[in-house]
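Colleague: Before we discuss the helix packing and the pairing of the chains, please put the model on display.
Modeller: Here it is.

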Number of protein chains: 2
Amino acid sequence: MPIYKAPLRDHQFVLHEVLGAVEHARGMPAFADVDADTVNQVLEEGARFCSDVLLPLNLRGDEQGCRFDPASHEVKTPEGFRAAFDQFRDGGWQGLTADADYGGQALPHVLQIAFDEMRCAANQAWTMYSGLTQGAYECLHVHGTPQQKQTYLPKLASAEWTGTMCLTEAHCGTDLGLLRTRAEPQTDGSYRITGQKIFISAGEHDLADNIVHLVLARLPGAPTGVKGISLFVVPKFLPQGDGDSARVGARNSLYCGGIEHKMGIHANSTCQIVFEAATGWLVGEPNKGLNAMFVMMNGARLAVGVQGLGLTEAAYQNASAYAKERLQGRSLAAAKSGSDSSQPADPIIVHPDIRRALLTARAWSEGGRAFSCWLAMMVDQHRHHPDAAERETAGDMLALMTPVAKAFLTDNAFDGVSQCLQVFGGHGYIHESGMEQMLRDARINMIYEGTNAVQALDLIGRKVLMDGGAKLRKFGKLVQEFLAENATSVEMNEFVTPLADLGDKVQKLTMEIGMRAASNPDEAGAAAVSYLRVIGHLVFAYFWAKMARVALDHTSDAGTDPFYRAKLATARFYFQRLLPETAYHIRAARSGAKNLMELEAELF
Amino acid sequence: MPIYKAPLRDHQFVLHEVLGAVEHARGMPAFADVDADTVNQVLEEGARFCSDVLLPLNLRGDEQGCRFDPASHEVKTPEGFRAAFDQFRDGGWQGLTADADYGGQALPHVLQIAFDEMRCAANQAWTMYSGLTQGAYECLHVHGTPQQKQTYLPKLASAEWTGTMCLTEAHCGTDLGLLRTRAEPQTDGSYRITGQKIFISAGEHDLADNIVHLVLARLPGAPTGVKGISLFVVPKFLPQGDGDSARVGARNSLYCGGIEHKMGIHANSTCQIVFEAATGWLVGEPNKGLNAMFVMMNGARLAVGVQGLGLTEAAYQNASAYAKERLQGRSLAAAKSGSDSSQPADPIIVHPDIRRALLTARAWSEGGRAFSCWLAMMVDQHRHHPDAAERETAGDMLALMTPVAKAFLTDNAFDGVSQCLQVFGGHGYIHESGMEQMLRDARINMIYEGTNAVQALDLIGRKVLMDGGAKLRKFGKLVQEFLAENATSVEMNEFVTPLADLGDKVQKLTMEIGMRAASNPDEAGAAAVSYLRVIGHLVFAYFWAKMARVALDHTSDAGTDPFYRAKLATARFYFQRLLPETAYHIRAARSGAKNLMELEAELF
């Protein structure tokens with residue numbers, strides 16, 4: 001059975017020592033009362049829920065999967081899922097960051113992200129039911145009418161009802177402009193929604209009394225393409241009353257047509273949802289549905305990055321435990337830490353390549369934790385800071401870094417989990433180890449909420465080139481400030497020199513691609529994926545250097561805490577072993593579009 | 001349903017135009033009668049068998065998996081597997097390269113490798129039943145007594161009986177020195193074998209009348225460690241008579257204790273095999289079992305590389321077909337090949353990053369085809385060349401390049417298949433597409449027959465540093481000769497310049513690691529995996545340059561065959577987009593052991 005314990009010490013390090021998350025939160029009236037004790041306590045309780053309740057359901061959930069009953073169109077989640085969801089609901093966890101007006105606890109989003117990481121590490125498939133609910137909450141919170149908010153937000157914040165995003169249709173995923181689902185206006189102000197959606201995560205299940213679908217559809221006579229898409233709220237059961245007294249009424253005319261047989265996340269129901277003149281209500285303005293949905297999608301993209309992060313951490317913990325126990329072969333070098341001649345063999349952690357695999361996952365995990373927590377602080381700052389300029393800066397960082405978090409963290413996760421599986425040798429390929437499930441689960445994160453290539457195009461096109469690199473320069477300013485602070489530090493040299501070097505290279509690379517793309521947009525597409533890897537490393541190098549700085553401040557003490565020693569060793573590993581990937585991707589990005597485009601399509 | 005058609009044109013290109021495989025074979029008396037027509041005909045028939053018989057069973061085989069009956073200890077393979085195996089047996093396919101003396105067709109191994117690629121592309125799990133049989137044939141062919149050969153080889157060559165390798169035990173995989181299975185000599189010259197083996201591929205099934213286990217065990221009083229391991233042949237049913245008239249007699253006292261639930265290759269039974277004083281016979285010399293098993297293992301390692309190659313090709317074919325059909329989004333650039341304004345969207349092959357993913361898989365596949373066929377020619381040369389010096393050269397190339405083929409081709413396969421899955425977006429994550437099965441199947445190839453890290457250690461330690469780089473210099477000579485031949489060719493400059501540059505870098509890197517490893521063996525372990533990636537690219541750069549040379553010889557013709565145009569475009573892609581990975585791995589390899597070893601084991 002796989003193990004997992006939330007890395008609370010590391011969360012505390014990131015939040016309190018590296019990012020100053022509490023002071024940052026307290027700078028906003030919404031979070032004036034937050035203190036470090038509250039933060040630590042919430043994380044500890046959250047960690048307990050993940051280890052005690054979610055983790056034990058994960059392997060069995062994968063085995064059982066969801067079961068679809070074609071007669072009733074109902075989906076049964078695996079054993080224990082419902083009880084765990086009840087416990088989650090009773091604990092008030094769904095409303096961690098929701099408005100107090102709607103029954104939430106109104107805590108900073110950075111806590112949510114830390115908790116999300118733990119939940120996904122313990123049970124990604126289970127967590128998705130709640131994650132989409134939060135997305136629906138956020139979307140309706142921004143775009144819903146006062147009436148819609150009153151009806152749905154308390155139910156979503158309490159997890160009495162859950163939510164979905166209904167975007168994809170069989171013939172359209174990335175290109176939503178092609179979608180065909182129709183919405184016919186009714187005299188009572190409602191709409192009749194007709195169409196078929198696929199790949200609807202948590203689209204049907206037995207965990208909650210109602211499911212609130214947020215559905216993209218076209219109004220009669222709407223423009224073609226993405227400019228003719230509107231957003232509708234289409235609940236499984238029509239609500240009666242509102243607020244705390246809202247309850248479910250008549251069954252709406254929509255149903256689950258089947259669930260997918262997937263590589264992983266077996267315990268999350270991926271549904272075909274059929275709308276047959278189902279009753280729905282417009283959310284936001286007509287034909288502006290995609291904008292409204294993007295509120296949900298941007299939150300979801302960061303959340304997906306964090307799903308990858310959770311799996312990376314879980315894989316690391318299992319593989320490092322295994323590497324310290326599994327006896328196989330002898331250390332090639334002289335006696336060293338971990339070698340034990342009284343045993344028939346050494347634990348495999350004496351072997352350099354086992355450590356390389358483990359440190360890879362660890363560096364991806366710890367770097368990702370700092371990055372995602374910082375990005376969550378930007379979410380708080382963007383929503384709640386009293387100063388408009390601060391809100392704008394945060395919004396810029398979010399716009400720029402959301403695709404990086406989604407793609408870089410999930411690519412790293414697939415790599416990190418795969419390396420940890422490899423540490424187990426053949427045992428990692430066997431279901432019971434839990435490793436192969438993690439790898440299968442990790443694979444979806446590179447696809448949904450926009451494939452990682454779509455993230456890369458979003459980054460280079462919309463987020464970098466479109467404003468002439470202005471947002472990227474804002475991030476560059478953070479890097480420059482840090483470099484200036486550490487310019488004279490000899491012990492920081494091994495970190496700041498490669499960070500500064502990469503910063504320069506990013507600037508040149510961005511200019512070069514920008515110039516080429518001006519005459520041929522395919523040049524941006526041809527460079528995009530490699531460019532995102534380079535930017536991801538710039539971000540990781542920055543946060544790893546910051547973490548090294550904090551660790552160095554402590555290692556000079558007499559009674560050095562091993563935590564800081566490990567942090568420093570992992571920072572060195574990152575800079576020496578992972579950052580050099582940029583040498584590859586800069587060359588690939590600069591190689592241009594011709595080597596991709598010259599071959600005629602029919603010769604593929 | 002996934003598609004697959006054997007790439008016969010490309011096989012012919014590699015065998016006839018790039019490698020001169022027929023002339024090479026005819027230089028050996030054993031293959032004096034082989035001609036191009038025979039080769040092409042065998043491949044065509046083989047291709048038909050793969051597409052018509054094996055491919056339709058693959059997806060269903062994965063769904064059904066093998067079923068174990070705890071009462072009878074029997075394993076049932078998926079529907080259709082037995083009929084396909086009968087058809088395979090009737091076609092004489094198992095004995096393609098086996099001696100005529102034992103009923104084989106005595107064709108060159110290079111044909112076997114080409115056929116193996118096709119079989120694995122169509123159905124890896126099915127192919128393994130036959131692949132292990134071939135390994136058992138080869139092992140007994142080299143190390144068996146005349147009596148053992150007479151008894152087993154005809155049955156194995158005809159696939160009436162199948163074979164296994166029984167190495168792993170629960171507590172020992174890589175480190176076989178720890179194994180505990182015992183062999184007690186009997187007065188009649190046989191042995192009683194007692195112990196439990198795990199991860200025995202094709203260990204029990206319903207495809208053949210008998211299963212011939214080759215089992216590693218310890219004789220009484222044998223030295224500890226790997227120097228006390230002997231090899232035994234332990235059939236499921238004791239044979240009566242021999243040669244063509246051999247038939248199965250009494251049931252031996254061994255049984256299947258269960259099968260594993262695995263990430264992939266569901267249709268191949270991965271068995272626990274329990275030996276309870278089972279009757280067996282010594283193969284080869286006492287305590288030299290590991291040597292004898294290595295005959296089987298080296299063949300298996302190349303075959304595993306080719307399993308990866310097959311999956312890469314299959315994934316490429318499916319993804320490129322999908323990319324030409326799936327309409328989604330518009331080309332960002334001006335009208336180009338493949339764009340069609342009469343459709344609501346362009347096929348996704350207009351997008352540069354889709355092409356990058358496809359070309360990655362294609363370059364891994366086509367480069368791997370040339371490499372593996374060349375290596376198979378070395379197998380033939382090593383076994384059959386009349387000149388001892390030629391045999392030795394071939395043996396050196398095999399020793400050096402077998403770990404590279406195993407690890408580089410399977411790492412590339414996992415990458416290539418994953419990229420092709422990504423081309424399908426969410427549809428690639430769904431079982432019916434076949435892509436997620438390919439990725440799950442591909443994952444085992446990085447593990448079994450020695451993990452890829454073990455291959456990397458074998459390469460850098462035993463194959464390169466141990467003889468002071470002599471074998472590597474022999475390969476370097478091939479590269480040098482090719483460079484010299486093309487030194488004055490302007491059109492070859494884009495290929496030979498980076499090849500020469502990489503050759504120089506490999507030389508320096510090898511010396512540097514060798515010097516470091518002399519004082520600390522962990523330095524070799526710390527560099528191994530990255531070093532293997534670099535050597536893999538040296539090999540691929542060499543074969544891609546050779547292929548580009550042939551393609552250029554044809555593109556200057558007036559009526560250019562599109563095949564050569566595509567080859568040249570893929571060669572350029574390889575050199576510009578994949579080869580630069582060496583920039584990363586050279587830096588990682590040079591970063592040394594300290595960044596891996598400094599952290600105390602307990603801090604992981």
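**Helix packing and the chain pair**

Modeller: In this predicted model, the crossing of H12(A) and H13(A) is left-handed.

Colleague: Why is H12(A) called roughly antiparallel to H13(A)?

Modeller: The axes of H12(A), residues 470-485, and H13(A) cross at roughly 155° and come within 11 Å. Angles run from 0 to 180 degrees between N-to-C directions, and the axes are lines fitted to C-alpha atoms, for helices over the stretch in contact. Under 35 degrees counts as roughly parallel, over 145 as roughly antiparallel, 65 to 115 as roughly perpendicular and the rest as oblique. H12(A) is therefore roughly antiparallel to H13(A).

Colleague: Which residues make that contact?

Modeller: Leu472(A), Gly476(A), Val479(A) and Leu483(A) of H12(A) meet Val496(A), Leu499(A), Ala500(A), Gly503(A) and Thr510(A) of H13(A). Contact requires C-beta atoms, placed from the backbone, to lie within 7 Å. By class there are six nonpolar, three polar and no charged residues; Ala, Val, Leu, Ile, Met, Phe, Trp, Tyr, Cys and Pro count as nonpolar, Asp, Glu, Lys and Arg as charged, and the others, Gly among them, as polar.

Colleague: How do you know that H13(A) is roughly antiparallel to H14(A)?

Modeller: H13(A), residues 493-519, and H14(A), residues 522-555, pack at about 160° with their axes 10 Å apart, which means that H13(A) is roughly antiparallel to H14(A). Their crossing is left-handed. Their contact has 19 nonpolar, two polar and two charged residues.

Colleague: What makes H9(B) roughly perpendicular to H14(B)?

Modeller: The axes of H9(B), residues 388-423, and H14(B), residues 522-555, cross at roughly 100° and come within 10 Å. H9(B) is therefore roughly perpendicular to H14(B). Met401(B), Val404(B), Ala407(B) and Phe408(B) in H9(B) meet Leu532(B), Ile535(B), Gly536(B) and Val539(B) in H14(B). These divide into seven nonpolar, one polar and no charged.

Colleague: How many residues are in contact between the chains?

Modeller: 76 residues of chain A are in contact with 76 of chain B. On the side of chain A, H15(A) gives the largest share, eight residues.

Colleague: What is the confidence in chain A?

Modeller: Its mean pLDDT, the predictor's confidence in each residue from 0 to 100, is 96, and 98% of its residues reach 70 or more. The model scores ipTM 0.97 and pTM 0.97. Local features need pLDDT of at least 70 and side-chain atom pairs 80 or more, whereas totals for chains, interfaces and linings use all residues. Residues are numbered from 1 along each chain as its sequence is written, and chains are lettered from A and ligands numbered from 1 in the order in which they are written.

Notes:
Helices (H or I, at least four residues) and strands (E, at least two) are DSSP runs, numbered from the N terminus. A crossing is left-handed if the near helix is turned anticlockwise from the far one by less than a right angle, and right-handed if clockwise. Two residues are in contact if their C-beta atoms, placed from the backbone, lie within 7 Å.
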